[in-house]
Amino acid sequence: MATEIRIRKLGWAKGLRSRLLADNLPATLCAAALMGLFGALATVVFRELLGWTQMLLAGEDVPHGMVSLARGLDPWQRLLMPAVGGAIAGVVLQMAARWLPKRGAADYMEAISVGRGVIGLRQTLARSLSSIFSISSGASIGREGPMVQLAAMFSSLTGRFLLLPPRHLRLLVACGATAGITSAYNAPIAGALFISEIVFGVISSATLVPLVVSSVVANIVTRQILHYDAVFHMPHFEFVSGWEVVNYLGLGVAAGLVAPQFLRFLDVSRAAFSRLPLPLWIRMALGGLVVGALSVLNPEVWGNGYSVVNSLLHNPWAWQAVAAILLMKILATGASVGSGAVGGVFTPTLFVGAALGALYASGLQAVLPAGDVSAISSYAVVGMGALLAATTYAPLMSILMIFEMTLSYEVMLPLMLACITGYVIAHRIRPESVYAKSLANNRRAQQVVSEGDKNKSE
């Protein structure tokens with residue numbers, strides 16, 4: 001009632017609401033642009049908070065992220081810091097579950113695909129705070145998930161202020177989520193396609209056009225105005241000959257075989273931690289302890305792996321070192337995700353794909369004549385896209401994301417072939433993508449709630 005009175009007093013809000021309800025395209029695009037601005041600013045605030053927290057832990061600025069921080073610590077500090085951070089993050093989540101009433105969806109994908117577009121403010125802030133403790137203490141998860149959630153939450157708040165119905169509110173939340181992805185990866189086309197292809201499940205002009213507008217505004221804010229750099233510094237892509245496309249076909253096959261096992265390992269990790277008869281904060285501390293133990297042997301397992309991927313793309317690595325960091329990163333990601341840490345698996349997937357491509361290229365260079373294989377970095381780039389397509393089951397989005405990162409037309413032919421091959425093989429082995437299972441669970445939970453409400457009304 002109070003919100004309705006405020007809207008009546010604010011003429012601009014009333015006018016915008018009426019135009020959005022009438023499906024007025026210019027008003028929809030203006031709202032999408034506004035969500036792009038809000039979403040970009042939300043990701044910037046979260047990124048700066050993470051940087052400030054890392055600086056507080058290290059006592060100085062850490063230009064190269066979590067790996068640089070880990071290398072500057074003693075072994076016992078690397079062992080314990082992820083466990084302590086996990087425990088604090090778990091306490092935050094437990095307190096939020098106990099004291100904060102649940103309002104709306106806990107995840108932006110749920111809010112867009114099966115929910116009413118409502119994302120709770122206090123719960124989202126609590127989960128973001130928990131993720132800051134996890135990520136800044138070394139958890140092997142991506143920071144992009146909380147960024148996108150925050151961006152989508154601000155869009156949800158705006159739509160609820162305007163008293164928009166679910167259909168319009170979901171579109172507004174989708175614009176915010178698109179802005180978050182674009183701001184996190186500096187990939188405006190892939191950001192719009194991610195939400196359209198994965199979350200909505202269909203690419204149509206009615207949804208894609210406002211998503212693109214939101215994505216463009218977010219990219220202008222983060223890159224042109226605030227001068228944030230690209231996530232990965234991609235080298236020039238080298239393509240030896242047309243026949244080498246067969247090698248990239250083999251990389252797509254490898255990605256298609258590895259991706260289902262990677263996702264299965266994450267599922268097993270979640271199930272194993274959930275079966276432990278322990279409070280959440282202790283489970284998350286144990287997950288952090290696993291990451292800490294691995295980091296004693298190899299500090300590169302800390303964080304989302306940006307600096308390690310950039311090193312793989314620009315510096316020579318021995319294949320033994322690549323194999324070791326690949327195995328340890330998968331174990332660390334399983335421990336972090338399985339224990340309940342709030343964060344994304346999108347960036348760790350890119351890490352695994354880059355390491356897989358580099359390892360595959362090292363094998364080719366060992367068995368094929370010199371000069372018949374491109375640089376290892378070329379295979380690492382394609383490996384990222386192939387594994388991404390094989391886990392998300394969104395090959396078009398994966399192709400465009402890697403293309404936007406490299407800005408190289410030469411990468412398109414091997415990238416398209418590897419992504420499609422990886423997607424087809426992985427889909428035959430495991431029908432559900434990394435996001436499909438959680439969305440299916442959300443739909444089942446929504447049906448249970450709806451049936452319960454119906455029974456109460458009867």
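1. Tyr-248 and Tyr-379 are both buried (under 20% relative accessible area with a 1.4 Å probe, protein chains only; exposed is over 50%, partly exposed in between). This is a predicted model, in which local features need pLDDT of at least 70 and side-chain atom pairs count only at pLDDT 80 or more, while totals for chains, interfaces and linings use all residues. Residues are numbered from 1 along each chain as its sequence is written, and side-chain values use heavy atoms, without hydrogens or water.

2. The whole structure holds 5 aromatic pairs (ring centres within 6.5 Å, with the six-membered ring used for Trp; planes under 30 degrees apart are stacked, over 60 edge-to-face, the rest tilted). Phe-194 and Phe-346 make an edge-to-face pair, 5.8 Å centre to centre with 75° between the planes. Phe-194 belongs to helix α10 (residues 188-200) and Phe-346 to helix α16 (residues 346-367), so the pair ties together parts 152 residues apart in sequence. Helices here are DSSP runs of H or I, at least four residues, numbered from the N terminus.

3. Phe-194 is buried at 3% relative accessible area, and Phe-346 is buried at 9%.

4. The rings of Tyr-248 and Tyr-379 are stacked because their centres are 4.3 Å apart and their planes are at 10°. Tyr-248 sits in helix α12 (residues 245-274) and Tyr-379 in helix α17 (residues 376-392), so this pair links parts 131 residues apart in sequence.

Key:
Helices (H or I, at least four residues) and strands (E, at least two) are DSSP runs, numbered from the N terminus.
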